[in-house]
Amino acid sequence: MQFLYPTFLFALAALAIPIIIHLFYFRRFKKVYFTNVRFLKEVKDESSARQRLRNLLVLLMRCLAVIFLVLAFAQPFIPREVEVKQGENAVSVFVDNSFSMNALSEDAPLIEKAKQRAKEIISAYSVEDRFQVLTNDFDGKHQRLVSKEEAIGLVEEIKTSPAVRSLSQIFARQKQVLGSGKNTNKVSYVISDFQQNITDPENFTDTLLTVNLVPLQAVQEKNVSIDSAWFEVPVQMLSQPNPLIVKVKNWSSENAENVRLTVRYDGETKPVGELSIPAGSYVVDTVNVSIQTTGWHEAELAITDYPVQFDDHYFFTYKVAEVINVLVIDEERPDPFLDAAFKGVSYFRVTNQLSRQLDYSSFPSYQLIVCNGLVSISSGLAQELRQYVVNGGNVLVFPAANANTATYNSFLTSIPANELQNFEQQERSVADVNTEEFVFKDVFENKSANLKLPVTKGNYRLGTQASRGEEKLLTYRDGNTFLGKYKSSQGILYLCAAPIEEQYSNLARSGEIFIPMLYKMAISSARNRPIAYTIGRDETIEADNAVRGGESVYKLRGQQEEFIPQQRIVASKVFLSVQNQVLEAGYYNLFLNADSTLAKFAFNYDRRESNLAYFNADQLKEKAGPNVSVLTGNAAANFEEVVSDRSKGVVLWKWCVIIALLALAAEVLLLRFWKT
């Protein structure tokens, strides 16, 4: 047994008071007059024995009353496995309100059980303590310490949310808020189902915070979700079967059969087929999206799955440009082969400009820039081309036979790409096509067929520095590069070792290589442009800047809400950050004026909530650190008593008060009814 306030035990010196009273009060002699003293000796002996017994019992009751009254003030307790601390408490209670908490426990949804547990935990503490109520939303009203009554009110307001936080993030936020108070003792409670993919107590090592995990067990559910989707080609084109790759995942331990997949776009819902997904695995399927109109499009993938349905829909958007703009920078005159190649398809629009008459401000409006036979690349052009590539543009370089290699190499080094070395006028044949790379992937139906590959009569040798990250697209027989690819930030540089002029190369006459090469380069990209974003993730959204002078505010509008995102304008681009402003999955339109839509973005719920694998209490104890405890109890357990016993031990002061009162009552009864 221990005492919360052991200094009160000095008050046991008050035991001297009833003893002194006993010695000086009950020992007083009284004169008794008798008319007949014949029975005096017998009465005196009998009365003296009874009197002494009664007085000793009264003394005992008074001593017991004093002892237990003092013990009550010292607050004795029997300690549990944790240390009982004196002083006021700062208590943080996290209630997991993610989608997985909608699952059923034995008698109610987990979210309701979690709220009940939170109120019981708060009730176990005194009114002088301070409390933080925290959820996955990390709302501003949850970032401060409040009173006991206000904390219970905040718990009542909790609703499920699409936000997802890891356990280490929760601990860090609790530590931050608890550290802002002046309370001596800091205690954390986390009430959750503890999904395995977000439970990482090992990543939080602060031993000054007492952490208590309260696991809630859900009835095991099966779940199949649409994990992700992406277009195979970065740029979607009209009247083409644009392949959309869909990944569907089975999170349960049983095989999922007959999962129906559908896609909706352009106002029509089209069945894709039925999927069979092995337990704990996934399948990847391809959906061909046929596009008939330009502009922004909204689309949705859906599967049939029950009972967990928040992840059965996947929203995405895509834009189909009216034309693909190509800029050809010429030294003297346009190349007829380049013009003919692009003008053969109306979807491409070619602009020719001379190197000495360039409009640099128009560069961002082109998807591909071709440098055709430039003798030199000026420092200004080199800087603009490099910035264009960094921002996501594609550049194709055909050097001139008499090129100033110093200016070329200055530009190529900044990308970085391998430099031009000496020009060799000898015949070489291309022997290999990299059909695994995007430019030539899926171009040839029969890869083993005899292709008419280019032959050159003059070419530059390219450097061979591995650090430049060269990817060979076309290779000579001797292994040297004829056409190389270099990624730089968000864009791509394509470098050909030979001029395009017919006297040096017949590439332009190798139609089965030249035509698809130009088309695929124009629609290629060094990055996967997202067709959808995830709610709760700190992602930056990029869009074309429609502001031309002055100040304007971009806004996003969904089905239920409209808000102003954080925005940063850099040249022709605007970068948006939505943080926690998007709460519902669906489509959101970007606009400056309410009557015009500049872009469409899709948001989906975080798929981390799809994994219904949980840690049980024993597994949590194995992962927990030395300052982390796991509190368990059945569904009907009253956590107010569990927490009270844990934080205060087995409290005995109430029993001390009761015993003191019983002792005083016994004294009164002895004095009243035991007559001497």
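Colleague: Is C496 buried or exposed?
Modeller: C496 has a relative accessibility of 2%. Under 20% relative accessible area is buried, over 50% is exposed, and in between is partly exposed (1.4 Å probe, protein chains only). So C496 counts as buried.

Colleague: What kind of model is this?
Modeller: Residues are numbered from 1 along each chain as its sequence is written, and side-chain values use heavy atoms, with hydrogens and water left out. Local features need pLDDT of at least 70, side-chain atom pairs count only at pLDDT 80 or more, and totals for chains, interfaces and linings use all residues: this is a predicted model.

Colleague: How many disulfides does the structure hold?
Modeller: A disulfide needs a pair of cysteine sulfur atoms within 2.5 Å. C656 is a buried residue, with a relative accessible area of 5%. C496 is buried too, at 2%. Yet the number of disulfides in the structure is zero.

Colleague: How many strands does the chain have?
Modeller: Helices (H or I, at least four residues) and strands (E, at least two) are DSSP runs, numbered from the N terminus. The chain has 12 helices, and its strands number 34.

Colleague: What share of the chain is buried?
Modeller: The chain has 676 residues. Its accessible surface is about 33,900 Å² (Shrake-Rupley method, 1.4 Å probe). Of that surface, carbon and sulfur atoms hold 51%. The buried share of the residues is 49%.

Colleague: Which strands pack against the buried residues of helix 6?
Modeller: Helix 6 spans residues 336–343, with L338, D339, A341 and F342 buried. They cover an arc of only 165° around the axis (taken from the directions to the C-beta atoms), so they sit on the same side of helix 6. The face turned away carries exposed P336, A340 and K343. Helix 9 packs against the buried residues, as do strand 14 (324–330), strand 15 (348–354) and strand 16 (368–372).

Colleague: What arc do the buried residues of helix 4 cover?
Modeller: In helix 4 (residues 148–156), the buried residues are K148, A151, L154 and V155. Their cover includes helix 3 (110–123) and strand 4 (130–134). They lie on the same side of helix 4, because their arc around the axis is only 115°.

Colleague: How far apart in space are Q143 and Q176?
Modeller: Q143 is in the loop between strand 4 and helix 4. Q143 is partly exposed, at 25% relative accessibility. In sequence, Q143 and Q176 are 33 residues apart. In space, C-alpha to C-alpha, the distance is 8.7 Å.

Colleague: Which residue is the bridge partner of L474?
Modeller: Strands pair if DSSP finds at least two bridges between them. Strand 22 (residues 471–476) pairs antiparallel with strand 19 (residues 428–433) over three bridges. Strand 22 also joins strand 23 (residues 481–488), again antiparallel, by four bridges. There, in strand 23, the partner of L474 is L483.

Technical notes:
Accessible areas come from the Shrake-Rupley method with a 1.4 Å probe; for residues, only the protein chains shown count as cover. Contact means heavy atoms within 4.5 Å.
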